[in-house]
Amino acid sequence: TRLLSYIFQHAIYGKLLLLPWNQSWDYSYDALPLVHALDDVRLLAVLAAYCAVCAVTARATSARSLSVVLALGMIVFPFIPCSNLFFLVGTTVGERLLYPSTAGWAILLASLGAGRGQLRLR
């Protein structure tokens, strides 16, 4: 139950990174219901978040886009200490833990937007 609930929090962090609306000043005790079993539908959000990161990483490495790889690194690596996977942080979800990852998100959006605006001549 603990591990499933912690990985469900990764989906919450992903939602907060993509759609930073309805933030809470306190995600304590019962703000996020526990995930008790693998058949919980909320785990599909976790799967979607992990698949999105893997897909963007695969696309960036195949296109050899260093800016996208840098952005993904700036999103993922600062998030690892606050992910509750390796050691307990003491907070469930906090927007303040996403501040470093937000810089990577901005670089990712800028690099993807810049790639769309380029003309490709063959």
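Colleague: Hi! What should I know about the model before we start?
Modeller: It is a predicted model, where local features need pLDDT of at least 70, side-chain atom pairs count only at pLDDT 80 or more, and totals for chains, interfaces and linings use all residues. Residues are numbered from 1 along each chain as its sequence is written, and side-chain values use heavy atoms, with hydrogens and water left out.

Colleague: Thanks. How many helices and strands does the protein have?
Modeller: There are four helices and zero strands, and from the N terminus on the order is α-α-α-α. Helices (H or I, at least four residues) and strands (E, at least two) are DSSP runs, numbered from the N terminus.

Colleague: And what does the C-alpha trace span along its principal axes?
Modeller: About 55 × 30 × 25 Å.

Colleague: How much of the protein counts as buried?
Modeller: Of its 122 residues, 30% do. Buried means under 20% relative accessible area, exposed is over 50%, and partly exposed is in between, with a 1.4 Å probe and protein chains only.

Colleague: Which helices supply the lining of the largest pocket?
Modeller: H1, H2, helix H3 (66-79) and helix H4 (99-117) each supply at least two residues. The largest share, seven residues, comes from H1.

Colleague: What classes of residue are in that lining?
Modeller: The lining has 20 nonpolar, four polar and one charged residues. In that count Ala, Val, Leu, Ile, Met, Phe, Trp, Tyr, Cys and Pro are nonpolar, Asp, Glu, Lys and Arg are charged, and the others, Gly among them, are polar.

Colleague: New topic: how many disulfides turn up in the whole structure?
Modeller: Zero, when a disulfide is a pair of cysteine sulfur atoms within 2.5 Å.

Colleague: Is Cys54 buried or exposed?
Modeller: Cys54 is exposed, with a relative accessible area of 52%. Cys82 is buried, at 7%.

Colleague: How many salt bridges does the structure hold?
Modeller: One. The side chains of Asp40 and Arg42 meet in it, at 2.6 Å, N to O. A salt bridge is a side-chain nitrogen of Lys or Arg within 4 Å of a carboxyl oxygen of Asp or Glu.

Colleague: And how accessible is Asp40?
Modeller: Asp40 counts as partly exposed because its relative accessibility is 21%. Arg42 is also partly exposed, at 24%.

Colleague: Where is Leu34, and what does Leu34 touch?
Modeller: Leu34 sits in the loop between helix H1 (2-18) and helix H2 (43-63). Leaving out residues up to four places away in sequence, Leu34 touches Thr1, Ser5 and Arg42. Contact means heavy atoms within 4.5 Å. At 49% relative accessibility, Leu34 counts as partly exposed.

Colleague: What about His36, buried or exposed?
Modeller: His36 is exposed at 58% relative accessibility, and lies in the loop between H1 and H2. With residues up to four places away in sequence not counted, His36 touches Thr1 and Leu4.

Colleague: Last one: what does Gln9 touch?
Modeller: Beyond residues up to four places away in sequence, Gln9 touches Leu32, Asn84, Thr92 and Val93. Gln9 lies in helix H1 and is buried, at 7%.

Colleague: And what is the phi of Asn84?
Modeller: Near 65°, a positive value in a residue other than glycine. Most residues other than glycine have a negative phi. Asn84 lies in the loop between H3 and H4 and counts as buried at 5% relative accessibility.
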